[in-house]
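Subject: Structure handover

Hello,

Here is the structure for your files. My notes on it follow below.

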Amino acid sequence: MDRRAFLKGTAMASASLAVTACSRARSRGEPDGPDAMSMEDAPVVGMGSRFGEAPMLAERVAAGELPPVEERLPSNPEVIVPRDAVGEYGGQSVVAIGNANHLFGDPQAVMGTELILRIDEDFSSIRGGLAESWEFSDGGKIQVLHLRQGLKWSNGDPFTADDFVFAWEDLWNNEEFAPGGPPGTWSTGSGADRKHLTMEKVDEYTIRLTFDQPYPLIILHQTFYAGSQGGLWQPSNYAKQFHPKHADADDLAQMIEDAGFETWDQLLRDRCRVGSTIPAQVGLPGMTAFIRVDDAPDHHTYERNPYYWKVDTEGNQLPYIDSTLVHIISDREVSLARLIAGELTFSGRQAQLQDMELYGQNIDSAGIKIKMWSSTFPGKTVIVPNHTAKDANLRAFFRNKDVRHALSVALDRHDINNTVYFGLGEPRQWAVWSSSKYYRDGDEGHWAQHDPDMANQLLDAAGYDQRDGDGYRLHPDGTRVTWLCQLDTEQIDVVHVFELAVEQWRNVGLEATLKPVSRAQLNELVAANDVEMSGWEGDISDITWVWTSRLNHPSHGNVRWGRAWQLWFNGDIDNELAEEPPEEIKYVDTRWQDMIDALTDDEHVAIARELWDWFYDYLPGFGTVGIPKPIVMKQNFTNFPDDGVWGFSVIRAVPVNPEQFFFKS
């Protein structure tokens with residue numbers, strides 16, 4: 001058997017384990033399981049009778065530490081339909097992260113999060129979250145949010161419109177807390193023409209947002225990171241003790257001094273810290289199913305929220321699992337060893353195709369099972385040259401379209417797939433999966449063929465036909481064409497892809513060298529426009545593509561192909577790094593804004609297709625291989641679906657309601 005067949009045979013065809021083969025993202029509007037519903041739509045759970053609750057909470061009620069569950073739940077709690085079975089209470093989920101502040105990935109997957117709106121279980125449509133419903137008026141310039149009534153924070157405080165008003169008026173519009181004003185997320189227009197929304201509290205559970213221009217796509221922010229705690233809403237009763245407008249001046253000054261800070265806003269940011277949509281400070285109230293209760297140098301501990309506002313179809317308050325332990329393990333190999341030793345409950349973000357054989361060999365000894373989900377990685381690694389590089393020769397080189405086409409067709413994506421992804425991926429250009437509403441047949445094939453002869457011809461025609469004694473191409477001034485690839489060490493497959501890309505570019509006379517750096521250092525280099533070429537995960541979904549397009553717009557993504565242009569678009573024209581973009585790039589930005597302002601989906605998709613077609617021709621950056629996503633978990637970890645879509649842009653497993661996961665005895 002070849003390598004691919006061998007891996008499938010050893011890791012996927014185990015008789016003791018059902019592993020679902022990867023299919024592309026499910027068709028839009030066709031969920032793979034039951035949706036959440038309101039109590040009014042759910043089977044009767046016996047209103048007036050006692051709801052079910054976890055034994056650990058029942059003990060606290062009996063001890064007089066908590067009110068009865070009926071008083072902790074809203075009168076009409078949201079009902080989650082369990083995917084496989086009504087769960088059992090108890091147990092602790094154990095996951096690992098690489099950095100103390102990185103709660104994205106597996107903590108999100110096993111604990112979930114709560115947002116203003118939610119990505120639904122089909123991973124493509126949007127449903128209510130903390131806001132039960134919403135509507136637009138005045139041609140998309142006004143949005144009214146209707147909050148769920150009777151919800152409580154984890155400390156028992158009511159969750160109301162006041163939590164939004166406090167965040168907006170006392171924080172984002174406070175010059176000490178936010179010197180630059182509110183985030184652009186809550187604005188229309190761009191650059192100097194950007195206008196922030198206005199907020200009005202209609203009543204205790206209703207908020208009116210008004211925009212200067214139509215803004216129907218604000219719902220994409222409200223269903224993503226910006227829609228979480230710390231964005232447009234905060235625990236106002238709790239946070240006011242750290243705010244000079246509401247707190248006693250002497251008490252506040254003492255708290256600031258005791259905590260070792262200099263200003264109130266530093267103290268408030270620390271005490272209200274949210275990491276990757278999850279409350280990340282002991283004592284901080286939250287609306288999530290789990291709340292942080294303890295910290296140590298090597299782990300965080302979360303426990304169930306006693307006031308969590310969802311129940312199952314039998315009236316049992318969720319979540320089922322008692323607690324989550326988040327280990328901080330900087331070495332990925334150590335995390336892998338802990339997983340194989342049976343010490344971790346779940347591994348999604350760090351699970352890799354390259355380890356499938358190892359997972360398969362340890363199914364029984366580690367007590368694990370594998371789900372093969374679709375992914376939001378139609379290009380697991382995208383390659384991003386900096387069109388505004390500080391070196392004048394490289395700037396001219398990367399801005400030449402023939403050069404970019406040559407760099408793309410010089411890549412042997414099949415070799416990359418076989419070497420880095422063990423033949424389990426799909427060699428392709430960075431383009432949406434075929435299930436996307438933006439897709440057009442053939443998108444993935446643009447400049448994705450392996451054709452070194454074409455690459456050589458394109459480079460010659462672009463004016464780089466002269467070579468030095470070592471066979472490397474020369475700039476018009478006679479210096480060697482060479483550049484540095486600065487890469488994030490946390491994304492190990494990005495480094496491996498570039499190792500192969502550098503060899504393949506050398507075959508057409510181009511010299512590139514690698515410099516892996518920490519993520520924090522790479523972020524600093526990007527901000528200072530000190531990157532010549534880099535790479536990142538090509539994560540994309542219909543829900544978040546408009547805001548995190550990765551490659552379609554020079555201002556988007558963790559690494560950008562036009563940092564100097566981004567500053568200009570942001571209105572930061574006095575910044576010495578800022579540069580006015582060419583007219584073509586300005587036009588793309590204008591059309592991008594037109595797409596955001598579009599009032600109908602047909603108009604939105606039409607403009608999006610125009611922008612995608614431009615991308616395939618201009619090709620500012622390019623992809624390599626699209627992949628499925630292995631997810632490894634304990635065999636008794638239940639209600640986790642066989643099919644799903646994994647990725648940053650859908651917040652991992654959040655759409656399938658992690659609060660209903662449980663350990664089957």
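A ring pair here means rings of Phe, Tyr and Trp (its six-membered ring) with centres within 6.5 Å; planes under 30 degrees apart count as stacked, over 60 as edge-to-face and the rest as tilted. By that rule, Phe 123, Phe 346, Trp 373, Phe 637, Phe 640, Trp 646, Phe 661 and Phe 663 are linked into a cluster.

Some ground rules. This is a predicted model, where local features need pLDDT of at least 70 and side-chain atom pairs count only at pLDDT 80 or more, while totals for chains, interfaces and linings use all residues. Residues are numbered from 1 along each chain as its sequence is written, and side-chain values use heavy atoms, with hydrogens and water left out.

Aromatic pairs

The search of the whole structure gives 42 aromatic pairs. One of them joins Trp 172 and Phe 177 edge-to-face, at 5.7 Å centre to centre and 75° between the planes. Both Trp 172 and Phe 177 are buried (under 20% relative accessible area; exposed is over 50%, partly exposed in between; 1.4 Å probe, protein chains only).

Phe 224 and Phe 648 also pair edge-to-face, with 5.1 Å between centres and 80° between planes. This pair links distant parts of the chain, 424 residues apart. Phe 224 is in the loop between α6 (218–222) and α7 (236–239), and Phe 648 is in the loop between β29 (645–646) and β30 (662–663). Helices (H or I, at least four residues) and strands (E, at least two) are DSSP runs, numbered from the N terminus. Phe 224 counts as buried because its relative accessibility is 9%. Phe 648 has 21%, so it is partly exposed.

Charges over rings

The test: NZ of Lys or CZ of Arg within 6 Å of the ring centre and within 35 degrees of the ring normal. Arg 269 lies over the face of Phe 177, 3.9 Å from the ring centre. Lys 310 has its charged end over the ring of Trp 309, 4.7 Å from the centre.

Cysteines

How many disulfides are there? Zero, taking a disulfide as a pair of cysteine sulfur atoms within 2.5 Å. Cys 272 is buried, at 5% relative accessibility. Cys 485 is buried too, at 0%.

Asp 451

Asp 451 sits in the loop between β21 (426–427) and α16 (452–461). At 24% relative accessibility, Asp 451 is partly exposed. Its side chain reaches the backbone nitrogen of Met 454 at 3.0 Å.

Best wishes

Conventions. A polar contact is a pair of N or O atoms within 3.5 Å; within protein, one must be able to donate a hydrogen and the other to accept it, and residues adjacent in sequence count only if both atoms are side-chain atoms.
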